[in-house]
Amino acid sequence: MTRIKRSFLYYHLPAILYAMLIFYVSGLREISPPSLGISWDDKLYHFGEYFVFSLLIHVALRYYSHARIRDNIYVIGAIISVVFAVSDEIHQYFVPGRESSLLDLLADTLGAVLAQFVLWRFFKSRNAQKAID
């Protein structure tokens with residue numbers, strides 16, 4: 001398998017497939033995920049959905065060796081994830097039976113940004129540990 005095909009399969013395809021899944025589920029007229037027993041469980045689902053998406057975007061971005069991407073990978077990952085979340089909420093606005101909400105977008109944004117923050121802390125501590133060893 002060529003390097004380009006392998007990089008696409010390992011780095012980019014998971015994020016693309018997950019984005020397609022988000023778009024598909026957002027287009028369903030009525031969807032009721034299992035209740036978690038809390039009043040804001042919908043927001044927790046949004047948070048988790050975009051936390052995972054942001055992780056996958058980060059993996060895709062790690063493939064690139066361009067210095068500006070590498071230096072700003074966490075910010076770029078968060079921006080891509082949030083822009084997709086905005087487009088998802090706009091998409092839901094036009095789907096009968098679905099609603100678009102700023103609180104959903106806030107939960108999406110928090111999930112995306114927290115994922116990048118967790119990755120930043122992880123790699124920062126890992127690099128610090130390597131420097132000590």
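Predicted model: local features only at pLDDT ≥ 70, side-chain atom pairs only at ≥ 80, totals over all residues.

**Helix packing and aromatic contacts**

Sorted by class, the residues in the contact of helix 2 with helix 5 are 13 nonpolar, five polar and five charged.

Let me now turn to the chain as a whole. What does its secondary structure come to? The protein chain has five helices and zero strands, and its pattern along the sequence reads α-α-α-α-α. Taken along the principal axes, the box filled by the C-alpha atoms is roughly 55 × 35 × 25 Å. Of the 133 residues in the protein chain, 29% are buried.

My next topic is the aromatic residues. The structure contains nine aromatic pairs. One of them joins Phe53 and Phe84, with 5.0 Å from centre to centre and 35° between the planes, and this pair is tilted. Where do the two partners lie? Phe53 belongs to helix 2 and Phe84 to helix 4, which spans residues 73–93, so the pair ties together parts that are 31 residues apart in sequence.

Are these two residues buried or partly exposed? Phe53 has a relative accessibility of 2% and therefore counts as buried, since buried means under 20%. Phe84, by contrast, has a relative accessible area of 21% and is partly exposed. Both residues also belong to one aromatic cluster, which they form with Tyr18 and Tyr50.

A further ring deserves mention, namely that of Phe123. Arg62 lies over its face, at 4.1 Å from the ring centre.

Finally, I come to Leu103, whose place is in helix 5. Is Leu103 buried or exposed? Its relative accessible area is 56%, so Leu103 is exposed, the cut-off for that class being over 50%. How far is Leu103 from His46? In sequence they are 57 residues apart, while in space their C-alpha atoms are 9.6 Å apart.

Thank you for your attention.

Technical notes. Residues numbered from 1 in each chain as written. Heavy atoms only, no water. Nonpolar A, V, L, I, M, F, W, Y, C, P; charged D, E, K, R; others polar. Phe/Tyr/Trp six-rings, centres within 6.5 Å; stacked < 30°, edge-to-face > 60°. Helix = DSSP H or I, 4+ residues; strand = E, 2+ residues; numbered from the N terminus. Buried < 20%, exposed > 50% of the residue type's maximum accessible area, 1.4 Å probe, protein only. Lys NZ or Arg CZ within 6 Å of the ring centre and 35° of its normal.
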